[in-house]
Amino acid sequence: MRILVIEDDDDIRSVCERVFAWAGHQVASALDATRGLELVESFEPDVIALDLMMPGIDGLTVLSALRGSAPTCDIPVVIVSARTLSADRVRAFEAGADEYVSKPFDPDELLRVLERVLHESPEERVAGRREKIAECSIPSTLL
């Protein structure tokens with residue numbers, strides 16, 4: 001599996017690189033959105049772990065660019081963010097995120113999520129987004 005990590009925090013990016021490489025995957029990383037979008041073209045990732053809050057271009061803008069381009073529209077994208085509000089999750093899923101992992105996270109769990117979404121069909125990922133949007137929209141007192 002070819003994993004692209006787009007994350008501006010050096011420590012988080014480094015941990016992800018080590019864990020994913022140790023698991024036998026090819027890893028490329030970028031510390032900002034501009035470099036991340038360049039790597040999408042040259043590295044051709046199978047799946048992307050994308051931070052939301054980055055300097056300059058934010059993760060939602062990157063996600064919109066990926067979903068709006070035929071060559072990248074079906075690449076699975078997992079958002080990795082310190083933003084934990086339901087509204088943030090809904091915005092990410094509406095923009096085309098396939099999964100959402102909150103920081104701090106267990107790197108092994110993130111790897112399992114990346115591997116899982118990679119093996120889902122594009123149709124399964126779209127259906128999953130709709131379900132996640134509905135789940136995030138239900139008040140927690142009703143769950």
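Author: Contact here means heavy atoms within 4.5 Å, while helices (H or I, at least four residues) and strands (E, at least two) are DSSP runs, numbered from the N terminus. This is a predicted model, in which local features need pLDDT of at least 70, side-chain atom pairs count only at pLDDT 80 or more, and totals for chains, interfaces and linings use all residues. Residues are numbered from 1 along each chain as its sequence is written, and side-chain values use heavy atoms, with hydrogens and water left out.

Reader: At roughly what angle do the axes of α3 and α4 cross?

Author: Axes are lines fitted to C-alpha atoms, for helices over the stretch in contact, and angles run from 0 to 180 degrees between N-to-C directions. Angles under 35 degrees count as roughly parallel, over 145 as roughly antiparallel, 65 to 115 as roughly perpendicular and the rest as oblique. Helix α3 is therefore roughly parallel to α4, the crossing angle being roughly 20°.

Reader: What is the order of the strands in the open sheet?

Author: Two strands pair if DSSP finds at least two bridges between them. The open sheet has five strands with parallel pairing, in the order β2-β1-β3-β4-β5.

Reader: Which are the edge strands, and what angle does the direction of α1 make with that of β2?

Author: Pairing on one side only, β2 (26-30) and β5 (99-102) are the edge strands. The twist averages 20° from one strand to the next. Helix α1 (residues 10-22) packs on the sheet, touching β1 (2-6) and β2, and its direction makes with that of β2 an angle of about 170°.

Reader: What is omega for the cis peptide bond that joins K103 and P104?

Author: P104 lies in the loop between β5 and α5 (107-118). The cis bond joining K103 to P104 has an omega of about -5°.

Reader: Is E44 buried or exposed?

Author: Most residues other than glycine have a negative phi. E44, in the loop between α2 (33-43) and β3 (47-51), has a positive phi of about 50° although it is not a glycine. Buried means under 20% relative accessible area, exposed over 50% and partly exposed in between (1.4 Å probe, protein chains only). With a relative accessible area of 57%, E44 is exposed.
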